[in-house]
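Work through the exercises below with the coordinates open. Each task is followed by a solution in steps.

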Amino acid sequence: MINNIKTIGIVGGGQLGKMMILDAKRLGFRIAVLDPAKDCPCHAISDEHIVKGFDDLDGYLELAKKSDVITYEFEHINVAHLEELVKRGHTIYPSVASLKVIQDKLWQKEALSKAGIAVPKFEAAKNIDDLYAYYDRTQKPFFLKSRRDGYDGKGNYMVRDRADIAKGYERLIGKGAKQDTSDRLMIEELAHFEKEVSVIATRGQDGECVIYPIAENVHKNSILDTTVVPAAVSKKIVGKIMDIAKQVMECFGGVGTFCAELFVNEKRGEVMVNEVAPRVHNTGHYTIEAVRTSQFENHIRAIAGLGLGSTEMVVGASIMKNIIGGDGQDGVVAYTGIEQAYKISGVNVHIYGKNEVKEGRKMGHMTMTGKSVKDVWGKLDKVNVETTVRSKNG
């Protein structure tokens, strides 16, 4: 037992939870997980797995009874049930109050803007007439966004011209929908940026904050493909991003690991926050092999009340590449290329343990480390781990 915490409860049993558990077990903690999938990635390594849905209050209550502290591995969960746990005296990190704000993209942007953190211009959309009025006023393309539950590009629609408005509205709200949408949609201007980067920070219960090296990200089909560290940005931009990371943690009173995704325009010297995630993050997977203390270990240390570890790079550079289900794939997964990958020094493969592969589903990732970014790109060029379907639909 460390600091009177024996069991950590995790809402969500996916790959992020699995990587948290691997570090938590090394530190001697027991783990209880809440996830409706019997074969979720966390199942095999959890001490207890509560197989109930994320909207099932009984599941949250059962998790709370078994746990000394609770955290979560993704943000699209039932805040009302978490608020009930807090009322009953249970401890949850990051705080439920911060999660409630971050879950709603409009509230999140309002909080960031109020804290003086630069974000793209945005506004609420009460109904479809607001969308037409915005376009007529600006004559510019814009993003129509769902305020809740969006990820990997889902919940976003780019409106390029007036004719796109009805299409986007129908896509996000539903066919024939005419109801008030004041709590469902928002408008966001298109940001003019040169690079997408992210910065991960962990904050302890005592306010101690550590910040990880900045990562440069490339997306394909709105899903993260590669993360390169260190990001190719100027020292001036690095300084701005580090300041923003601290401001974000202060803004949300963060305890645990958070990630801020950012747009960078070097020519203008601009950095804007695109989105904040109150959890460990895909763009921080490189920290397992490339940094003294991974984002997962520091998250566990933070929520358990332990001191935080160093975020110093132990290699010159790193690239993380996601292993994602290919076009049309749907069935029992198999992998190709792992044996060849392990013939190359500095390559590590992580398989998440999901039995079923689907197109666009994250099934694992690879991390390449080396002396320089050029050196690591050379390794990635020789590696090709891919998913394949062993048999259709199991």
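The model is predicted, so local features need pLDDT of at least 70 and side-chain atom pairs count only at pLDDT 80 or more, while totals for chains, interfaces and linings use all residues. Residues are numbered from 1 along each chain as its sequence is written, and side-chain values use heavy atoms, with hydrogens and water left out.

**Exercise 1.** Describe how α1 packs on α10.

Step 1. Two packed helices are described by the angle between their axes and the distance between the axes. Axes are lines fitted to C-alpha atoms, for helices over the stretch in contact, and angles run from 0 to 180 degrees between N-to-C directions. Helices (H or I, at least four residues) and strands (E, at least two) are DSSP runs, numbered from the N terminus.

Step 2. For α1 (residues 15-26) and α10 (residues 295-303), the angle is about 65 degrees and the axes are 8 Å apart. The two helices are therefore roughly perpendicular (angles under 35 degrees count as roughly parallel, over 145 as roughly antiparallel, 65 to 115 as roughly perpendicular and the rest as oblique).

Step 3. On the α1 side, the contact (heavy atoms within 4.5 Å) is made by L16, M19, M20, D23, A24 and R26, and on the α10 side by F296, E297, H299 and I300. By class, this contact has 6 nonpolar, 1 polar and 3 charged residues. Ala, Val, Leu, Ile, Met, Phe, Trp, Tyr, Cys and Pro count as nonpolar, Asp, Glu, Lys and Arg as charged, and the others, Gly among them, as polar.

**Exercise 2.** Which residues line the largest cavity?

Step 1. On a 1 Å grid over the protein atoms alone, a cavity is a set of points where a 1.4 Å probe fits but cannot get out, and a pocket is an open set with protein on both sides within 12 Å along at least five of seven lines; lining residues have an atom within 4 Å of a point. Grid points are joined across faces, edges and corners, and a volume is the space filled by probe spheres set on the points.

Step 2. The largest cavity holds about 30 Å³.

Step 3. Its lining consists of K105, Q108, K109, K145, E188, N274 and E275. Helix α5 (105-114) gives the largest share, 3 residues. The lining divides into no nonpolar, 2 polar and 5 charged residues.

**Exercise 3.** Characterise the second largest pocket.

Step 1. The volume of the second largest pocket is about 350 Å³.

Step 2. There are 15 lining residues, with K121, Y134, K140, E189 and L190 nearest the centre. By class, 7 are nonpolar, 2 polar and 6 charged.

**Exercise 4.** Where are the cis prolines P94 and P230?

Step 1. The bond from Y93 to P94 is cis, with omega about -10 degrees. P94 sits in the loop between α3 (79-87) and α4 (96-103).

Step 2. The bond joining V229 and P230 is cis, with omega near 5 degrees. P230 lies in the loop between β12 (223-229) and α8.
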